[in-house]
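Have a look at the model first.

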Amino acid sequence: MSAPLYEADIDLGPLKSRRIALIGYGNHGRSHALNMRDMGVTSIAIGLRDGSASIDKARADGFEPVGLADAVKDADVIAILAADEAHKAIWDAHVAPNRKPGVAVIFSHGFSIDYGLIEPPADCDVILAAAKGPGGAVRTSFEKGGGLVGFWGVHQDASGEAEAVAKAYLAVIGCGRAGIYPTTFKEEALADILGEQAVLVGGMCALAREGFEQLVAAGISERMAYIDTVHELKYIADLIHERGIHGMYAAISDTAEFGAHEVEDPIREAVRPVFEAIVKDVTAGNFARRWVADFDQDRAGLYEKRASAKDHPLEAAGAEIRKAVTRRSEP
Ligand SMILES: NC(=O)c1ccc[n+]([C@@H]2O[C@H](COP(=O)([O-])OP(=O)(O)OC[C@H]3O[C@@H](n4cnc5c(N)ncnc54)[C@H](OP(=O)(O)O)[C@@H]3O)[C@@H](O)[C@H]2O)c1
């Protein structure tokens, strides 16, 4: 593994001397804007769509947001921090017709470039600057003196300065405090999507729901089933975050560890074909195309799935437990 770069290793000049447009003021957009301002970047334009719900938030933070075309037209660097599924529409309608020649375009996820949703012309630098984690954590960790691990990649280097801009961008959003590493759009896109689909979100929720349902079918109360399959996830996740999987095993009971080692292999064998199918689906760009097609249908598929997930019986059990825990913890 290559050694990480830290703030002291990185020249911030390539970024501080340029006009930067941040497209979107959601979790990442807001955190990037605030961190780079605190790091001494002075020329920041926040570009928002007409009627954006984030206008007041940006103003409250001391920015004066402008329309997407206005943000883009004078920018030397454009960071597209809007929702991935909207990137192509934003690019076609606002960035492509208004950008300056030779502009550097930054993405925080490999999605739009690796799956071919956007194909920037050859005169653009096309850069990946990914702070790895939820956007809110980019700011909260920075405020505590830290940062998120950052990965940079270059898809097109028209100016010869794309790598320097990528590293400087990550440094001004705080990643230079946690470590900055090279990657590619392809690597970041697959790792991020496989991780969230198969393990962190889809996989974890599937296991939790299945465990809950099995326990309830075995006659266990919903309250107890929820605590043992969902509520306690946080304690295990915190241990893994702090100590790794091996360290977590060392911190739990031997009974839990012995049983977990016994069932890990059969569970892995059961999910392996599903994971392999996800890798193929994502790598071929099929997931990206389905998601953008759903976005074009006003996210009808997402909203339908979200509504049916909300009705799962574990939600009511969870709400009751959270309420009881909160009441007991209040002074
Ligand atoms: N590398 C990583 O580990 C990582 C982790 C998380 C996210 N990301 C990436 O960060 C980027 C932003 O994610 P996020 O979590 O910050 O998203 P978010 O909180 O949902 O914010 C999305 C922003 O996009 C804007 N937007 C959505 N649709 C738009 C449209 N059609 N036209 C114009 N603006 C639109 C929203 O505008 P309004 O304010 O008007 O609603 C909002 O400001 C994505 O590319 C995502 O993949 C990377």
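Between domain 1 and domain 2, about 810 Å² of area is buried, and carbon and sulfur atoms give 75% of that. Buried area here is the accessible area (1.4 Å probe) that two parts lose on being put together, summed over both. This is a predicted model, where local features need pLDDT of at least 70 and side-chain atom pairs count only at pLDDT 80 or more, while totals for chains, interfaces and linings use all residues. Residues are numbered from 1 along each chain as its sequence is written, and side-chain values use heavy atoms, with hydrogens and water left out.

**The two domains**
- Domain 1 covers 7–183 and domain 2 covers 193–329, with bounds from an automatic or database domain assignment.
- Seven residues from domain 1 and 10 residues from domain 2 make the contact (heavy atoms within 4.5 Å).
- On the domain 1 side, E85, F111 and Y115 supply 73% of the area buried against domain 2, more than any other three residues.

**Around the ligand**
- The ligand has 24 residues around it, and N27, H28, S52, S54 and D84 come nearest (a residue is near if one of its heavy atoms lies within 4 Å).
- Oxygen atoms of the ligand make polar contacts (N or O pairs within 3.5 Å): one is 2.6 Å from a side-chain N or O atom of S52, and one is 3.2 Å from a polar backbone atom of G26.
- For D84, a polar side-chain atom lies 2.6 Å from a ligand oxygen.
- On its own, the ligand has 920 Å² of accessible area, and the protein covers 80% of that (Shrake-Rupley method, 1.4 Å probe).

Technical notes
Polar contact = N/O pair within 3.5 Å; in protein donor to acceptor, adjacent residues only side chain to side chain.
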